[in-house]
Amino acid sequence: MGAKTCTCLLLMIMQVLMLSSLVRFVQCQQGLENNNNNNGVNTTQLNDPAAVNQLTESLYQRLSTVTSDLIHSEIARRATFCITNPEDDWNRAFNFSQNLGFLSNCILTTQGDLPQRLCTAAELKFYFTNFIGTARSPKTFLNPNRNCNLTAWVSGCEPGWACSAGFNQPVDFTESDEIPPRNDDCRPCCEGFFCPQGLTCMIPCPLGSYCPLATYNGTTGLCDPYLYQLPSGKPNHTCGGANIWADVSRGGSMFCAAGSYCPTNTQEIPCASGHYCRMGSTAETRCYKLTSCDANTTRQNITQYGLMLIVTISVLLFIFYNCYEQVITIRGRRYARSREAAVKSVKENAQARARWLAAKDAVKKRAIELQSQVSRSFSLRNSIIRSEHVRILSQTEVVTDDYLHQYLSHNSSSSEHNDAASGRKETGAGYPPIQEIEESSDSSDGFNAETENQNQKRKLKTKHVRTNTQIFKYAYSQLEKEKAQLKQNRDHTLSGVISMVTNSETRTRPPIEIAFRDLIVTLKQKKKHLLRSVNGEIRPGRITALMGPSGAGKTTLLSALAGKTVGCSITGLVLINGKVETIRSYKKIVGFVPQDDIVHGNLTVEENIWFSANCRLPADLPKADKVLVVERVIESLGLQPVRDSLVGTVEKRGISGGQRKRVNVGLELVMEPSLLFLDEPTSGLDSSSSQLLLRALRREALEGVNICMVVHQPSYSLFKMFDDLILLAKGGLTVYHGRVRDVEEYFARLGINVPERINPPDYFIDVLEGMIKPNRSSGVSYEELPLRWMLHKGYPLPPDMQHNDSGLEGPVINVDSINQGNDAGSGPEQLSFCGEFWQNVKDKLEARCDVIQNNFLKSKDLSRRRTPSILLQYRHFLGRIAKQRLREARIQAIDYLILLLAGACLGLIAKSSDESFGAPGYTYTIIATSLLCKIAALRTFSLDKLQYRRERASGISSLAHFVAKDTVDHFNTLIKPLVYLSMFYFFSNPRSYFVDNYIVLVCLVYCVTGIAYALAIFLEPGSSQLCSVLLPVVLTLLSTQPKDSKFMRMLTNLCYPSWALEAFIVSNAKRYYGVWLIQRCGALLRNNYNLHHWGLCISLLMAAGAASRAVAFFGMLTLQKK
């Protein structure tokens, strides 16, 4: 805003506030003239105190009507940028109704000539044009005017002096264009008024000022306290009154001194003990309790309240964190005790059942022996004895079963009693693992064809299972039955086969069969083939091993079948259950175990698995069945001993690498997939751990799960556990695809025989690597093995391989539809620099479009599984993130400590300055809080990007993930401003309210937290930290630059520090009034601020925070690691 606009606006304000105190004297002029005798004043009337007081009161009463019209005029409405309430501001600046003594004294001093000495609107305009409109280049003198110029310079033109216009000269105080002639009876300015140099009129001093008559200081030659000199060559000229009212830097001598208060503009009283008085105060303010204020105190020391606040916050945070931790710990212990009691009960039941079944078998065996003895002795009565024997045997079985039932019932009641007793004492972590439970058979005598009725019975069975102990008993009893069933299946007993067929409780998964024909995967940027003419299928209920040397395309094939390839073009045909469907339609029942162990290190093994179960299992699955699934996975993967241990991170040691690998697999097993892909799950595992993992996968295959996994050089025993094998050669060509038991026979027919004591998979991979050459008698080289397989299966040959088929047995099929014009070995076409650059940009854009299309274009859901809603997933995310934050309490405490120290240092260094309304301190506050809160907020999304990508790919809601993290971070958004202000506010002690500063700082932290989210998601950790440091400093310095040009104003208005700084300064400027009016309006004009924009600034900060969060969420959905 230019000087001209600044002048006009300030003139409007001063017309409202100053004319209101001048016009009243116009109203009384007629009364004085009516008492005029011989062009003079009736001195008898002026000598009567009662008459003077009555005259003063009448003048002030007449003022109210004129003031009411002025403060509601259009001029006042246009000047509201620095006036919140015109009536209130007028009362605080020029309401002299409490003490009109200075008016009466001036009337007596001027012999009733006071109205003729007061400045008109034109003189006010002239004054403020020079002193306020040129605020950027302030002057201490006025330009020449009608009364004071080079040719006419009367005594009234000197500072502190004024002249009269004469009783016979009418004065129009509302005239704003022409200055009236005023050269008569020049004398010193009255006490309570100020007379500028270069003007011959008087202006009343506002409230909060102290305007006594000046006294001459012989030492300095100045008129104290206003520090102006007497004119030379005028020995009779004395010191007058005040000479200037402007900002503190130029007119500070007129302000009521700090440590004193001025109830009127002619009285200054030292502040009493127990009170404090700021500069420009009209009354003393009582100090708060627990603070000490000596006499003449400028501001109270409220540091004690800051210390009390930080102690209160620390205690509350300590109680909150410890109580929350105790709640989680106690719940975990109770949960563990319930699990231990259930394990103990099931173990005892299994042991008892095994004993009685053994006794039952012994009785049967003894009965058979007796039968044989009796048959040899009494051969004639053989048939009769047999019938009697069968009857006795049946009775024995009935008695045995009844006794066993009674024993189990008694044992169950005793176990419940032991469970209650164990709940009263704390048990250790050494509970008996399930592996120690003796296996028993639970054969069925028949099966019921009505599966729906049995499913209803199963639901009714789990419906009444409510307590944790009951749930665990149900889960572990089911696990025991499953183990017995597996034992019977391994033994191939008749009862095991019948039980496997008739067991309706065995849940089968929806089958997914994948077939691929002529599958070709090409890297777009390099035009390189990663897979070529791959044909085959993977079927439900079978485990397929994907093997080959390094660079053969094993992971590429796995990613292509799982729909996870980025930056590649795929040709060929992929059929799902015989139909052309996208695998993303079955995302809810497809599991993918990545090669890297992507798990949450600050969660326990059980917490990781439970979160995956809660978010990916069917929403209508009963809790008992969820517990069964989780316990089955933990048991089958051998994770019982470490289920309550943290997984660990790079900085903090946790479970071993092999256990971490099994947790990585368990995250997918727990969601009960129908199709499971695993990328090198046995890498880093020893032989026993690998077999344990394969046994767990074998159990999944028995339920109809289609399993395909990449394996590197498995042992022979592990190799035999697979059903099918896909063997790839370098270049992405298939060498073998079939049953594992047939692979040696196939290679033997080609003349490649595995030597004795050599692991077959290792030998085959060495052959494909070219490290071992086949026998010369076979006539086959390792380069010809893919061609041999294609001819063996009758698959089409790629064009570049058709010239190698001469001399080979088998049909030759010429198909030109594969690899037209593109050979795997041929390099890309040579392009110019610009062409290559454009091609790279095009490929990256296509890859990004593929990611966006995969994330935003929803495919038809064919999985028939209803997973938990976004709201329910949000609840699970809240629980998980709260636990993670609790385990990061030390980091949170360090953040709070740094903010505390920053607030204390900045509060001591940048004391709240009255001249700038605390702008320097608030500027440092914006930089410090923005920087510290941004760096802390980077941890929210930068530390678990890989975990998020895995969860998003599995179908877990990204919205629930983002909103839950933001919700938990709101705790810091509310607490961190309190921690900072507890030091900064009570050390700097500004005039604004604590609540106003807290609201602004909360909105600022909310804004910068959202920006930090976007930086963490879009940038790498190093770059995001650098931007978090530079952005607050650069934007804040830019916001404090002078707004001289339109471009600069527009640029600063787009910076969030400028909104926060305006809100801080406005909240503080509202507390300055009276003599501070010019200072307030001038500062707001220079910075283009408005007192009514506080709410707008708060809204802009909140909107910026919300917009940055929206951008960050969009980045989460679109950005993906290659």
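**Notebook: cysteines and disulfides**

I was working on a predicted model. The two are joined: Cys205 and Cys211 form a disulfide with their sulfur atoms 2.1 Å apart. I read -110° about the S-S bond, which makes the link of Cys205 and Cys211 left-handed.

I then looked up the total and noted ten disulfides in the structure.

Next I took Cys163 and Cys186, whose sulfur atoms lie 1.8 Å apart in a disulfide. This link is right-handed, with 95° about the S-S bond. I placed Cys163 in strand 1 (residues 161–164) and Cys186 in strand 2 (residues 184–188), so the pair ties together parts 23 residues apart in sequence. Cys163 counts as buried because its relative accessibility is 0%. Cys186 has 23% relative accessibility and so counts as partly exposed.

I moved on to Cys189 and Cys195, which are joined by a disulfide, S to S 2.2 Å. I noted Cys189 and Cys195 as both buried.

Which cysteine sulfur is closest to that of Cys1007? I found the one in Cys1003, at 9.3 Å, which is too far for a bond. For a disulfide, the two sulfur atoms must be within 2.5 Å. Cys1007 is buried, with a relative accessible area of 0%.

Last, I looked up Cys568 and recorded a relative accessible area of 14%, so Cys568 is buried.

Notes:
Residues numbered from 1 in each chain as written. Predicted model: local features only at pLDDT ≥ 70, side-chain atom pairs only at ≥ 80, totals over all residues. Heavy atoms only, no water. Helix = DSSP H or I, 4+ residues; strand = E, 2+ residues; numbered from the N terminus. Buried < 20%, exposed > 50% of the residue type's maximum accessible area, 1.4 Å probe, protein only.
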